Each structure stands twice: as structure tokens, then as C-alpha cells.
Amino acid sequence: MSENSAAAWQALTGRAGERAALLGTEGLPTRRVEAWHYTPLQSLNGIAWQVAPALDDAAVKQRIDGLNLPTHDGLLVFANGRFCKGLSHLPACMDVQEYGDGSAVQPLLAGRFSAGLNAALRQPGARLHVPVGKDAGLIVMVSLTEGNGVSTHLHHSITLDEGARLTLLDIQLGEGQYLTNPQMDVHCAANAHLSHVTKQVESREAARLAIVGACIGERGNYDSFTLNQGGVLARQEVVSQLSGSFSNTNVNAIQLVDGSRLNDLSSMIHHASPDCTSRQTVRTVLSENGQGVFQGKILVDQIAQKTDGYQMNQALLLSEKAQMNSKPELEIYADDVKCSHGATVGALDEDQLFYLRSRGVLEEQARDMLVQAFLLETVELVEHESLRDYLLKALPGHV
Amino acid sequence: MSDFLKIEGLKAQIDADGTSKEILKGLDLTIPKGEVHVIMGPNGSGKSTLSYVLAGREDYEVTGGSAHFKGQDLLELEPEERAALGVFLAFQSPVELPGVNNANFLRTAVNAVRKARGEEELDAVSFLKLAREETGRLSMSGEMLKRAVNVGFSGGEKKRNEVLQMRLLKPSLAILDETDSGLDIDALRIVADGVNSLRGPDFSSLVITHHQRLLDYIVPDRVHVMAHGRIIHSGGPEVATLLEKQGYKQFLEAAA
């Protein structure tokens, strides 16, 4: 296949060495692969992706100081795929385990290209563990990537023991034409609660293939929110498995797509136990030539009776050239379930715009107000108050 | 110069389903400074269209005539520029803005207009003080400031919210497009009080209504009868009384 001779493929398989088998033999996914139909990766083919060189701690610190982070209980910093120990600190109740040689694809993520790529080129990331009953508060994780033609493949693992709680603000940013491919494995034991907020503001030239696999125990909760805002091509993929009964997951997101960028939120919510709930609200705002993708699957196993699932994805097109591709999927094998889903795509409401302008509000500000209003409800789904405020400040035209 | 609002030979059409329909067919109307004028007319006579054209709604195409306010060509201005100049339209059906906080909306509007008029903008504290005074005056609960604009408001609450905006934006020309429709007596009074409280030498108003009822509370300087996209008769307050008793028939026949 021609993809196999591409510079990217040669470089990546070369770096993977004996793990190259984890990448498969097909090359980077093309439009012909269903999961990548709206987000084909051929544009990455021409670059021989190299290992990203280490960055200077002082320069990294400067970038972090400029982030105006909310008050936090711990900070983990990664720069160009390397842990910056000197810039990081954690609350006493948590431990960071040394990274082991876990190169297998997590079964939950089997067959997913982003996970295969990560497994083949894996770099040790955060391995966080919150012990039984502890509340670790708010931990901020910053992953910075800088450079051209380089790629990083951090692998993080977050484990919450029974009744443990953690709020994780996961910020990803950078500069240059790089590829970032982080994976996070999440394990929430019974009654554990992880609130995971991802703020993705990668470089506008960067490619991003991020994937999260979460396993949730009885009455546990994995509450995920993604602000998908950067990258020339950026997929946030979330696979959340409700493994214990009465567990809950939220997979919410906001995507802000401008220029000629593509932002993609792909998710799989797997109801594998009875009496679980899932909630998903994804709102995408597209301007200029932006392309948005939403692929959301809810899979309900036969055993998962009394499932309560809700999925809503809505897109606001601010330009005639912007494009939204939505693919909601329900696959239900149980007979006593409640699953609702809906999708809308539309422009700003002219009546609302005129109402604001007739009150003296300038057109541009009126548009910003309406865009903000469209996004607000979704941001409000983030429980943590200071995080919510932090996210609101990232929205267009905030006051 | 006493002509505050001067409309001459105004023609406007709306395009729907590929065909255009002329609604205003050469309308003349002059409102001097400090006067309150009323337009009454049967359904479909073009009353609402007139208010939208004056406020700058883009779905109407002006095909002829002119409209000047304070000597400026109103039709050349953007809706927000008209608001800054002093034009205010109280909507017949106020629009709901889910996710837009009412207090934020009001403050943004007030400050946009103040800025355009060369006045100092209000900070959050002074704005809130002002807004509380005004809501109290209109018997509105303070809760309405915290809610999303018009979302879940009753018909009466929406109209009060329009009057609140009018009071805060201090227009020099208030156009009320059937603001009285569907209101009970108490709400009607509040709307009328809103207009009356602004009355003065620098304030004019164009009140569009179906009913004589509102005119028990707002005493107009002039009453105009509108039909088929034109003003067909003008007179003093007695015209409204006549209309109430005899209907539009005699005016329509006289104009035919």
C-alpha cells in the first residue's frame, strides 16, 4: 500500500521497533476506514515524525506561569513527552508510581488506532493513585509540546480506589507542527469519583490523537468534559465503560472550530452493567472553514437493564463554509432501557440577533453573546466551580 | 425644527417563498418633538412592518421613500446605531435568549448605548443599583434580573421587561408595537406609566395598538389610522373614540 511507503509510516514503525506490530499494517487510517471517515489522517503522511527533544525547565515554567491556573492541590508537568519532576508537586495522600513496561493495548481500547499508536511508541506519563476514601482535590496536569515534525505519545494511568475522589484539569498546549498522541487509562473503583476536565488548546498546526479509556466500578462516576479548541486536526476519543451497577459517566464537550481546522469528539459509552446512567452533551461552534466531527456511540449490553442514557449533540454554524459531521449511534441489546438522543445543526437565530442589536449591542458583540449562551449550558455541567469559571474565560467574547 | 421623526412616501416589501409582497405603500408620517402619536389599524395594514423598518430589521426591503430622525437618514443606519440615536422598539413578541443572563444583557445594552452617546459606562455595582430601582418601580421581582432574558417569563413579565429596557435605555423615540396585546389592566397600566414617565420635551413615542383601551392611560397628541400600507386618516384623540364606536369602515370607505 502506498501509505506504507509514506515518510510518517516509516518513521513511526522504525521508532516502534519490535512493537511495530501494535500499529497494524494498514498505514495511517484513510477515509475508507469507517471510524476515520470524517477525520482522515493522510495529511500526516508526509512527515517523518521524530522523537521530541527535551525542553529547558525554565522555559517550560514560564509557559506554565502564563496559564493563570486556578488554585490547585497538585501540579504535574510534562514537556515534549517527558516528566518535569522539578516543576511538579502532589498532595501527600497521592503517590506517583514508577512507570512499568506496560506496552499492551488496554483491552477496552483494542482496535482503536490512537491506542495502537500509543502502545507502539509509549512514553511514561502520570501514574496517579488515590487511596481508599481519600479526596485528592484538584490536580492540574499540563502537557506542553514544542517543535516541528516531532511527536509525543504519553501514557497516563489514573487509579481511584474505593470511595476516592479526584478532579483533574488536563491542559494540553504547544507550539509548532507536532503530533501528540496521549492516552489515559482510568480506573474508578466502587464509589470513586473522577472529574476529568480536558482543555485542549494545542498549536493551530498540530495534529492530536488523544484517547481515554475509563472503567467504572459500582456506583462509581467518571465525569468527563473536554474543551476541544486547538490543533489543525484534533480528535478527542473517550471510551467509557460502566462496569459496575449503578455507576455513571458523563462525556460532555465543547468544540470551537475556526480557520481551516478540524476538531473531532468521538466517544463510546458502554453500558456493561444494569442500572447505570450516562449523560452526553456536545456543542460545537464552527466558523470560517472549520470542520467539526461528532461520533458518539452508546452500546447497551443485554445484561444492562434499567440503563438510562442521554445524548445530545448540537452545532452552531457561523459560516457557510463551515461543516459539521455528526454520527450518533445507539446499539441496544437490553429491552428495559431509556435512551434518548438528538442532534441539531443550525445558524445563529436572526430574531435573537436583531433583538440584541435593537438594544444597541454591536453586531459582533451580539454574536459573541449568543455563541456564549449556546456554550454556557454545557460548561455549567462542570461541577467544580473554579474550574467552571476558568473554562468560561476561554470562551469567545467573555466579559 | 420641530419635526423629530419624518417619514415620506415609505415603501417596503418582504420576500417570502420567492415572491415579494409590498406591505408599506407610500407612507407619510411626521412626529414632532415631545409628542405621542398613536397608529391604529386593522390586521394586515402594515403596522408591525412599519415598526420593524424603523428599528432596522433586515428582512424588510425598503423600495422607496425616506425616514429621517433628528435630521439623520434612519434607513442608512444599523439597528445598533439607531438605538444609540435614541430609537427604541418595544416588541410585540419579545424574543427569548436562553443562556443570556437578563442583568448582563441589560448592562451590556445600557453601556453600549451610553458609550455610543459619549456617556460614561456604568460599573456592575452602579448598574445593579439602577436596575433594582427600576424593577421596583415596575413591580418586577428582582429574580427576573437573574434569569435568562425572557425565558419562562409570562406574557405580562415579558412586556414589563420591555418597559424596563425602555426605561434603562432612555430613548428619545419609543415605538411600542402592540405592547398592550394580551395584557391585564395592571400590566397595561405599567406599560402606560412607562411611556408617561418618559414624556417630556425631548421624548416622542409612536404607539401601535389595536385597542382604545391603552388610550385610557396614554393620552395621545395625534391618532393616525393605517390601512393597506398607508396612513389614511389623522386627527386628535377623538379619532380613537370614533374608531372604538364605529370601526374602521368609514375611514376605509373614505380612503377608497
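Which residues of chain A does UniProt give as "domain: SUF system FeS cluster assembly SufBD core"? The record, an unreviewed entry, places this feature at residues 147-374 of chain A. Keep in mind throughout that this is a predicted model.

**Stop 1: the annotated span of chain A**

Select residues 147-374 of chain A. The span is 59% strand and 9% helix, and its end C-alpha atoms lie 35 Å apart.

**Stop 2**

Chain A contains 22 strands and 6 helices. Its radius of gyration is 21 Å, close to the 21 Å that the globule rule gives for 399 residues, so chain A is as compact as a globular protein of that length. Along the principal axes, the C-alpha atoms fill a box of roughly 65 × 45 × 45 Å. Of the 399 residues, 51% are buried. Among contacts in chain A with a separation of 6 or more, 82% are between residues 24 or more positions apart.

**Stop 3: two domains in chain A**

Colour residues 53-347 and 350-399 of chain A separately; the domain assignment makes these domain 1 and domain 2. Their centres, taken over C-alpha atoms, are 24 Å apart. Where they meet, domain 1 of chain A supplies 19 residues and domain 2 of chain A supplies 15. On the domain 1 side, the elements that give two or more residues are strands E9 (165-175), E12 (193-201), E14 (221-228), E16 (248-257) and E18 (277-286) of chain A. Which of them gives the most? E16(A) does, with 4 residues. By residue type, the domain 1 side divides into 10 nonpolar, 6 polar and 3 charged.

**Stop 4: A:Glu162**

Now zoom in on A:Glu162, in the loop between strand E8 (154-160) and E9 of chain A. Is A:Glu162 buried or partly exposed? A residue counts as buried if 20 or more other C-beta atoms lie within 10 Å of its own. A:Glu162 has 16 within 10 Å, so it is partly exposed. Leaving out residues up to four places away in sequence, A:Glu162 touches A:Val132, A:Ala189, A:Ala190, A:Asn191 and A:Ala192. Then pick A:Gly217: it is 55 residues from A:Glu162 along the chain, and their C-alpha atoms are separated by 8.8 Å.

**Stop 5: helix H4 of chain A**

Select residues 350-358 of chain A, which form helix H4. H4(A) is mostly covered, with 7 of its 9 residues buried. Those buried residues are A:Gln352, A:Leu353, A:Phe354, A:Tyr355, A:Leu356, A:Arg357 and A:Ser358. What do they pack against? In chain A the partner is helix H5 (363-379). In chain B the partners are helix H1 (47-55), H2, strand E6 (87-90) and E7. After H4(A), look for A:Gly360, which has a positive phi near 95°.

**Stop 6: where chain B meets chain A**

Show both chains. The contact involves 20 residues of chain B and 16 residues of chain A. On the chain B side, helix H2 (79-85), strand E7 (97-101), helix H3 (102-116) and helix H6 (155-169) each give two or more residues. H3(B) has the largest share, 5 residues. The chain B side divides into 14 nonpolar, 3 polar and 3 charged residues.

**Stop 7**

In an unreviewed entry, UniProt annotates residues 5-253 of chain B as "domain: ABC transporter". This span is 37% helix and 31% strand, with its end C-alpha atoms 28 Å apart. Chain B has 9 helices and 12 strands. The radius of gyration of chain B is 18 Å, close to the 18 Å that the globule rule gives for 256 residues, so the chain is as compact as a globular protein of that length. The C-alpha atoms of chain B fill a box of roughly 55 × 45 × 40 Å along the principal axes. Buried residues account for 44% of the 256.

**Stop 8: helix H7 of chain B**

Finish at residues 185-198 of chain B, helix H7. This helix has 14 residues and reaches 20 Å from first C-alpha to last, close to the 20 Å expected at 1.5 Å a residue. Its buried residues include B:Ala187, B:Leu188, B:Ile190, B:Val191, B:Gly194 and B:Leu198. The buried residues of H7(B) pack against strand E3 (36-40), H6, strand E9 (173-177) and strand E10 (204-209) of chain B.

Key:
Residues are numbered from 1 along each chain as its sequence is written. Chains are lettered from A and ligands numbered from 1 in the order in which they are written. This is a predicted model: local features need pLDDT of at least 70, side-chain atom pairs count only at pLDDT 80 or more; totals for chains, interfaces and linings use all residues. Domain bounds come from an automatic or database domain assignment. Two residues are in contact if their C-beta atoms, placed from the backbone, lie within 7 Å. Ala, Val, Leu, Ile, Met, Phe, Trp, Tyr, Cys and Pro count as nonpolar, Asp, Glu, Lys and Arg as charged, and the others, Gly among them, as polar. The expected span of a helix is 1.5 Å times one less than its number of residues. A residue is buried if 20 or more other C-beta atoms lie within 10 Å of its own, exposed if 12 or fewer, and partly exposed in between; C-beta atoms are placed from the backbone. The radius of gyration is taken over C-alpha atoms; the globule rule is 2.2 Å times the number of residues to the power 0.38. UniProt positions are given in the numbering used here, feature names are shortened, and annotations may be inferred rather than shown by experiment.
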